[in-house]
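Subject: Structure for your review

Dear colleague,

Please find the structure below, with its sequence. I would be grateful if you could read the notes that follow alongside it.

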Amino acid sequence: MTTSVLVLGAGFGGLELSSRLSQTLGDQVDVTLIDRADAFVFGFSKLDVMFGKRTPEAVRLAYGDYATPHVRFLRETITAIDPESRRVVTDGGTYEADVLVVALGAEYDVAATSGLAEDGHEFYSVAGAEAVRELLPGFTSGTVVIGICGAPFKCPPAPSETAFLLDEYLRERGLRDAVKIQLVMPFGRPVPPSPETSDAILARFAERGIEFVPDRKVVALDPGTHEAVLSDGSFLPYDLFLGVPVHRVPDVVSASGMTQNGWIPVEPGTGATRYPNVYAVGDVTSVGTPKAGVFAERAARVVADQLIARIRGAAEPPGYDGTGACFMEFGNREVAGVAVDFFSTPGHPTGTFTEPSMEMAAEKAAFGPERHARWFGLDG
Ligand SMILES: Cc1cc2nc3c(=O)[nH]c(=O)nc-3n(C[C@H](O)[C@H](O)[C@H](O)COP(=O)(O)OP(=O)(O)OC[C@H]3O[C@@H](n4cnc5c(N)ncnc54)[C@H](O)[C@@H]3O)c2cc1C
């Protein structure tokens, strides 16, 4: 008997889940994977695009190349999800399956921050990163404020990486002395679960003249005065504002009734929602880990392994452990590592740090191509 699985969203979570089911179960499973985009882009590639390290074309993993066996990829926009009946409507049809997995990620609500669209530049979308890439060559002096407009936000180390990469970009152009860089964060430390990582970042910030403004977010921009209004009521003048917008689930997810407090609640160990045979993984959930691809990927693997065990009549596999390891750009073309454990001591995540090095940079360079091959069925 073939089990049908409908996977909504072909990002980190949906791609990992689909390829694992396909590789392990073969024709015991019939997977339909739906996404409205024409390509997947790794989050970290947006920073490469923004600082001119790679072209927008070079970082696109086109879904047109998708060739994973036993998975049908549909480029359609999902317009309704009924979790009770596991029925999904798109602009191309209506689908039902034995198992439904929601992996639709998080979107950006630029309009939630007054002034951001008019006077600032979000750099978390591909289009936003491309726009910043175009304007950076013309920016030669003044103050850059990198600011977070709401939490949770994707990849908490990414704004610190952005500060390092901006510093590197300006140094390489001989402009660093003419530019002040400030980073406004809603946390007391750059990576709160790992004091070692935070210490290393703060030490490198001090060395590089990057100012860290902790425990505040940006609530508005004043286009008249070019000032960021911070959550403590203070103002920060800028010449260039690079913003991380407020995040939210896609509209189709909020309309499905699956969310509570803005995100889909799931059982942390299993990814199960409160609807039978409906799971959710990745940024769309409130599972308790950061919104990052490596966590979405691990959660997807756990859901896949449970389905595999169920289909094969095997014992229940271990649950999701809430761990994940990320690479972190440190400037000077060096990459560091941070590994975090969110579940072992509830409420007290812990982390370990790997010093920045060129070796870590080489490991990071292999991360994307490995996944491209595995996810898209290109590895043989
Ligand atoms: C600048 C930046 C740097 C980052 N760096 C890292 C990093 O170094 N390491 C790391 O692990 N993570 C990083 N991330 C975070 C990472 O990109 C996300 O956390 C990850 O992609 C989440 O995976 P997901 O599967 O939950 O959602 P996504 O990968 O966002 O996938 C969701 C998919 O759903 C689709 N979708 C949404 N709505 C619809 C609809 N209505 N119809 C059809 N399709 C729809 C979207 O097109 C998308 O493809 C970074 C993010 C940014 C912005």
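The notes below treat the ligand site and then the aromatic side chains.

The model is predicted: local features need pLDDT of at least 70, side-chain atom pairs count only at pLDDT 80 or more, and totals for chains, interfaces and linings use all residues. Residues are numbered from 1 along each chain as its sequence is written, and side-chain values use heavy atoms, with hydrogens and water left out.

Ligand site

The ligand is surrounded by 32 residues, of which G13, D35, D283, G293 and V294 are the closest; a residue is counted here if one of its heavy atoms lies within 4 Å of the ligand. By class, this shell holds 18 nonpolar, eight polar and six charged residues, where Ala, Val, Leu, Ile, Met, Phe, Trp, Tyr, Cys and Pro count as nonpolar, Asp, Glu, Lys and Arg as charged, and the others, Gly among them, as polar. At least two shell residues come from each of helix 1 (12-25), helix 2 (43-50) and helix 8 (293-312). Helix 2 gives the largest share, four residues. Helices (H or I, at least four residues) and strands (E, at least two) are DSSP runs, numbered from the N terminus.

Polar contacts are pairs of N or O atoms within 3.5 Å. In one of them, a polar side-chain atom of D35 lies 2.6 Å from a ligand oxygen. The backbone also takes part: an N or O atom of I78 lies 2.9 Å from a ligand nitrogen, and one of D283 lies 2.9 Å from a ligand oxygen. The protein covers 93% of the 1,000 Å² of accessible area that the ligand has on its own (Shrake-Rupley method, 1.4 Å probe).

Aromatic side chains

There are 26 aromatic pairs in the structure (ring centres within 6.5 Å; planes under 30 degrees apart are stacked, over 60 edge-to-face, the rest tilted). Y63 and F73 are stacked, at 4.6 Å centre to centre with 25 degrees between the planes. Y63 lies in the loop between strand 4 (61-62) and strand 5 (71-75), and F73, 10 residues away, in strand 5. Y63 counts as buried because its relative accessibility is 6%, and F73 because its value is 19% (buried is under 20%, exposed over 50%, partly exposed in between).

Ring pairs also join F12, F40, F42, F44, F327, F367 and W375 into a cluster.

Yours sincerely

Definitions and conventions. Polar contact = N/O pair within 3.5 Å; in protein donor to acceptor, adjacent residues only side chain to side chain. Phe/Tyr/Trp six-rings, centres within 6.5 Å; stacked < 30°, edge-to-face > 60°. Buried < 20%, exposed > 50% of the residue type's maximum accessible area, 1.4 Å probe, protein only.
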